[in-house]
Amino acid sequence: MTVPQHDELGVAGGAIRARLGGGLRQNGMVLALLAIVLFFVVVVRSTQGIDFLSAQNITNLFLQNSYVIVMALGMLLVIVSGHIDLSVGSVAAFTGAASAFLTVKLGWPVWAVMPAVLMIGALIGAAQGYWIAYWRIPSFIVTLAGMLVFRGLTLWLLQGQNIGPFPKAFQALSTGFVGDVFGPDKPNFTALILVALAAAAIVTSGLRARAQDAAFGTEPEPAGLFWARNAVVVAALMFVGWKLAMFRGLPNVLIVMSVLVVLYAFVTEQTTLGRRIYALGGNEKAARLSGIKTDRLVFLTFVNMGVLAALAGMIVTARLNSATPKAGVGFELDVIAAVFIGGASMSGGSGKILGVVVGALIMGVMNNGMSIMGIGIDYQQVIKGLVLLAAVIFDVYNKAKRA
Amino acid sequence: MAAILEMRGIGKSFPGVRALDRVNLEVEAREIHAICGENGAGKSTLMKVLSGVYPHGSYDGEILYDGRTMQFRNIRDSEAEGIIIIHQELALVPQLSIGENMFLGNEITRGGVIDWPRTWARTRELLAKVGLDENPTTPVEKLGVGKQQLIEIAKALAKDVRLLILDEPTAALQENDSATLLKLLLELKAQGVTSILISHKLNEIRRVADRVTVIRDGSTVSTLTRDEITEDRIIRDMVGRDLAHRYPERVPQIGGELMAVRNWTVWHPDQPRKVIDDASFTVRRGEVVGIAGLMGSGRTELAMSIFGRSFGRDISGTVEIGGRPADVSTVNRAIGAGLSYVTEDRKTLGLILDEPIQRNVSLANLAGISARGVLSRGREKAVAEGYRRDLGIRTPSVLQQVVNLSGGNQQKVVLSKWLFTQPQVLILDEPTRGIDVGAKFEIYAIMNRLVAEGRGVVMISSEMPELLGMCDRIYVMNEGRIVGELTRDEASQERIMGMILRSEGRAA
């Protein structure tokens, strides 16, 4: 055929719109986060006379939300592969209880407890993933069962009591800070240097991606937009870094979280493993007929989820300095909400780590801000629910408009 | 005869695209009027204008029906006038019974409660009209595609159809089901129903159509009367130029044996019966080997069971590729052994529709674009660009989502994916299904290039002319067995059908 068809002519516009649309969403998310932060800064100051972005509160924000971000990384993979995991709250509670049992009751040292608990998480993930991957039992059902089972086992293990307190070394996972090698004076130079390095890394990797795009003829994002976005990100990072440095330095959990975020962003976007998970979620049959071992991949995403739930369980337990039977109730909803606010698709195959992190931060900032304002838990739930709904409606609307 | 329908100067635009531009269509009462055109020519859009899917006001031009101007706001309006469209994707609810489907949204009620006795009785009458002898309470999913198609027609009859529009009704049907359907159309015509038939199958059009309107690039090209209808004329009008030959020239250069499958037997995954029974066949270098057979004869099952045991259980038999025993026990090993399988259903089995072209191309050979598990986006893009040029995938960018491509271009993406695994033997299952004439020619040309490079191609197809036009050798399958083998010179439609019919019912 020499005559191009209509649908092919229409496609060029579609490609450009799709590209802008994807970029707009990412940028839009960051802007939404900034807007929400700004909103609370103004409102909290005028109503309560408190600085929302005080060093204390920024530290709190990370400590309170680290578990959501950690689990959301695993949940993204689960959701991208086309599944769901409702058990993570119970699993976090159970692994937290297990860490208390091992540390407090049995007197194990911290260096033995942490890997052992992560291993327990892996086994739990494997036990659920086995039925989902190899027996094709819907993940909703398997993990709903897991949610009940592990909540029950938590109560059993704790005998309905709180177990604590923990030795300092264990608490350090949550409430510890990275010491300053340059001495105890403020600001904490180690923190400043680490944050500056992170900012530099973000900009250089962005530049490298742009150079790559240019080299292979992909139309890059407009330079102005690129620099504007990076300027905002770097400014925000340095601001947070400065605040933290003037307070107690970088929380250990922030370091753990950052390393995990970078690792998962790399795995999902740059490796064959990540690519296969997206392919599995995009079209499982086509993936299988292309030689991808889809069953094993599903199994592994659940094992991974179990490990991250165990890590989150320890972080929460360390922060509270005790394991409680009620720990982790409703966590699964926060985590799943963060993933969907972050732009993942319910049907699998799409979603990005950075979106999920921003999604989790939006939820976290709202939790924190509303609590400071003294908004009742009743209204908080309503507002969070509406934000989740709005984010997803926004996505669906955009998709429909592009189609 | 008077015109029942006149569509005058129909134009319809979508953002950035003029899909229809001054289309004229005149359908006479009690005729079967075929509409031909390549994919994307505007046939379906035109029918959506006619049936009210695109409401009055969203298009230009006018629709005259029985001489009256029509302004349909939705499908209900057009159905009220007896204009009923049957889409390519059947609109039946699989779990519901025939009777429930028949009156879905149109239930026979008494005081707001469904009148079941009358529903079943009416269903039985309508089934008789389309020549089906089925229990009205049978769930639709228990029926084959052919019968489901007839149920759709019966459903149209239930709504007192006067103008029946069929959008590629036989695309998914096998030969004898298609024949039944076409016969039914002729009977309906005798009873006074006018039909519009959209089809790619030119032999069918020749068989039943009174007139043909050809549409190209959103405009009417010609309307041919019965004695003007020839395949060459239709193709010329559709494509806008002569296709000197339907199949590109190739001088066969056939070498030694490349693949041999021996005594291949496969059991059904959940029924106690053999799906493939002791099948053996060979492929030589530079050879296009065809596998003919009716739907359900086991062709796809044969291919999929060989390709990494993707179908069936208790598989026995041997595969040799390049003279050595080949391990094809998983998809990965089959790929490693030099085998590729292009599925018959590219949308559900072959492509990740929401992902860009380049990610689809690399999917079966991620090792080829990565080092130690880390992907190189640049390599990936370069590879995809290479195939885009090589196979002529028409797209502004390899970052384009596959879902936005036409059928022919999608098929080229699937072919690219498999070529990137460097196969020696490609099994192509219905490689030209649902793609238009021009793109078919291009796919054939690609096949010829593959064999010219010394590879072997196995082509499974329901279109016998295509097998006869392309293959050096044809195996005939029936009921899971290979019941005959014909060389290019021996092969003819009659001989193939003869082999199938003579072998019927002889399975163990």
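How are α3(A) and α13(A) oriented to each other? I began my notebook with this pair. The model I am reading is predicted.

**Entry 1: α3 and α13 of chain A**

I looked up the angle between the two helices. Helix α13 of chain A covers residues 331-341, and it packs against α3(A) at about 125°. Their axes are 6 Å apart. Angles of 65 to 115 degrees would count as roughly perpendicular and those over 145 as roughly antiparallel. The two helices are therefore oblique to each other.

I then noted who makes the contact. From α3(A) come A:Val88, A:Gly89 and A:Ala92, and from α13(A) come A:Phe331, A:Glu332 and A:Val335. Sorted by class, this contact has 4 nonpolar, 1 polar and 1 charged residues.

**Entry 2: α3 and α4 of chain A**

I stayed with α3, which spans residues 88-105, and turned to α4, residues 110-134. These helices pack at an angle of about 145°, with 10 Å between their axes. I recorded the crossing as right-handed.

On the α3(A) side I listed A:Val91, A:Thr95, A:Ala98, A:Ser99, A:Leu102 and A:Thr103. On the α4(A) side I listed A:Val113, A:Ala116, A:Val117, A:Ile120, A:Gly121 and A:Ile124. The contact of α3(A) with α4(A) has 8 nonpolar residues, 4 polar ones and no charged ones.

**Entry 3: α13 and what surrounds it**

I went back to α13(A) to check how covered it is. I found 10 of its 11 residues buried, so I wrote it down as mostly covered. The buried residues include A:Phe331, A:Glu332 and A:Val335, and these are the residues of α13(A) that I had listed in its contact with α3(A). A:Asp334 and A:Phe340 are also among the buried residues.

After the helix I came to A:Gly343, which has a positive phi near 105°.

Next I looked at α14 of chain A, residues 353-372. The axes of α13(A) and α14(A) come within 7 Å and cross at roughly 125°. This pair is therefore oblique too, and its crossing is right-handed.

In this contact, A:Asp334, A:Ala337, A:Ala338, A:Val339 and A:Ile341 of α13(A) meet A:Val356, A:Gly359, A:Ala360, A:Ile362 and A:Met363 of α14(A). I sorted the residues into 8 nonpolar, 1 polar and 1 charged.

**Entry 4: two valines**

Is A:Val203 buried, exposed or partly exposed? I found A:Val203 in helix α7 of chain A, residues 189-215. It has 16 C-beta neighbours inside 10 Å, so it counts as partly exposed. Setting aside residues up to four places away in sequence, I found that A:Val203 touches A:Asn230 and A:Val234. I also looked up its separation from A:Gly107, which lies 96 residues away along the chain. Their C-alpha atoms are 46 Å apart.

B:Val458 is buried, because 27 other C-beta atoms lie within 10 Å and the cut-off for buried is 20 or more. Apart from neighbours within four places in sequence, B:Val458 is in contact with B:Val283, B:Val289, B:Ile291, B:Val425, B:Ile427 and B:Leu428. B:Thr220 is 238 residues away from B:Val458 along the chain, and I noted 38 Å between their C-alpha atoms.

**Entry 5: backbone details in loops**

I looked at the loop between α5 (139-158) and α6 (168-175) of chain A, where A:Pro165 is placed. The peptide bond from A:Gly164 to A:Pro165 is cis, with omega near -10°.

A:Gln159 lies in the loop between α5 and α6 as well. Its phi is near 50°, a positive value in a residue other than glycine. With 8 C-beta neighbours inside 10 Å, A:Gln159 counts as exposed.

In chain B I noted B:Arg372, in the loop between β19 (370-371) and β20 (374-375). The phi of B:Arg372 is positive, near 45°, and this residue is not a glycine. It is exposed, with 6 other C-beta atoms within 10 Å.

**Entry 6: confidence**

Chain B has a mean pLDDT of 88, and 97% of its residues reach 70 or more.

How values were computed:
Residues numbered from 1 in each chain as written. Chains lettered and ligands numbered in written order. Predicted model: local features only at pLDDT ≥ 70, side-chain atom pairs only at ≥ 80, totals over all residues. pLDDT = per-residue confidence, 0-100. Helix = DSSP H or I, 4+ residues; strand = E, 2+ residues; numbered from the N terminus. Buried ≥ 20, exposed ≤ 12 C-beta atoms within 10 Å, placed from the backbone. Contact = placed C-beta atoms within 7 Å. Axes fitted to C-alpha atoms, helices over the stretch in contact; angles between N-to-C directions. Left-handed = near helix turned anticlockwise from the far one by under 90°. Nonpolar A, V, L, I, M, F, W, Y, C, P; charged D, E, K, R; others polar. Parallel < 35°, antiparallel > 145°, perpendicular 65-115°, else oblique.
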